[in-house]
Amino acid sequence: MVNPDGEGNIPLSQAKIPPEGRVVHLKGYGFIKVFRMVSENGDGQYWATDDLQMDEASREDLESQGWRIEVYHRGIKQCCGIERAQVRKAVAQKNHFRYALRAFLRLEIHKLRTGNSWYE
């Protein structure tokens with residue numbers, strides 16, 4: 001629920017969000033800036049920040065950085081099994097994390113040198 005014009009709370013989907021974003025009051029939080037992106041199939045997605053001065057170019061840059069982080073998490077989970085430590089002791093868990101990270105770095109170096117994906 002957001003209050004875009006001081007007239008009362010409405011669902012975010014009903015608020016008019018221009019391409020450059022709009023500052024609204026988020027119920028229970030405070031003022032935020034909301035951007036709306038429309039995908040190729042017409043679905044809308046919202047991106048919100050507490051940086052009220054953010055512009056669309058900055059938002060796109062942060063979104064691309066976020067995507068690279070998601071790709072990293074997917075790779076270290078699927079290819080290196082970081083979530084599959086069946087140990088209870090802290091030292092064993094730390095060792096598992098270190099070895100999974102080392103395996104990921106080796107896969108990434110191999111990818112950069114050969115052009116092959118992590119799965120090849």
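A search through the whole structure turns up 4 salt bridges, where a salt bridge is a side-chain nitrogen of Lys or Arg within 4 Å of a carboxyl oxygen of Asp or Glu. Keep in mind that this is a predicted model, so local features need pLDDT of at least 70 and side-chain atom pairs count only at pLDDT 80 or more, while totals for chains, interfaces and linings use all residues. Residues are numbered from 1 along each chain as its sequence is written, and side-chain values use heavy atoms, with hydrogens and water left out.

- Glu56, Arg59 and Glu63 are tied together in a network of salt bridges.
- Arg59 pairs with Glu56, and their closest N and O atoms sit 2.9 Å apart.
- These two residues are 3 apart in helix 1 (residues 56–78), so about one helical turn separates Arg59 from Glu56; helices here are DSSP runs (H or I, at least four residues), numbered from the N terminus.
- Arg59 also has a salt bridge with Glu63, again with the closest N and O atoms 2.9 Å apart.
- Glu63 and Arg59 are both in helix 1 with a spacing of 4 residues, about one turn of the helix.
- As for the background, side chains of opposite charge can pair when their charged atoms come close.

**How accessible the network residues are**

- Arg59 is buried, at 2% relative accessibility (buried means under 20% relative accessible area, exposed over 50%, partly exposed in between, with a 1.4 Å probe and protein chains only).
- Glu56 comes out as partly exposed, at 23% relative accessibility.
- Glu63 is partly exposed too, with a relative accessible area of 35%.

**The helix 2 pair**

- Helix 2 covers residues 90–114, and Glu108 and Lys111 are 3 residues apart in it, so they are separated by about one helical turn.
- Lys111 is partly exposed, at 28% relative accessibility.

**Cysteines**

- The disulfide count is 0, going by the rule that a disulfide is a pair of cysteine sulfur atoms within 2.5 Å.
- Cys79 is partly exposed at 27% relative accessibility, whereas Cys80 is buried with a relative accessible area of 14%.
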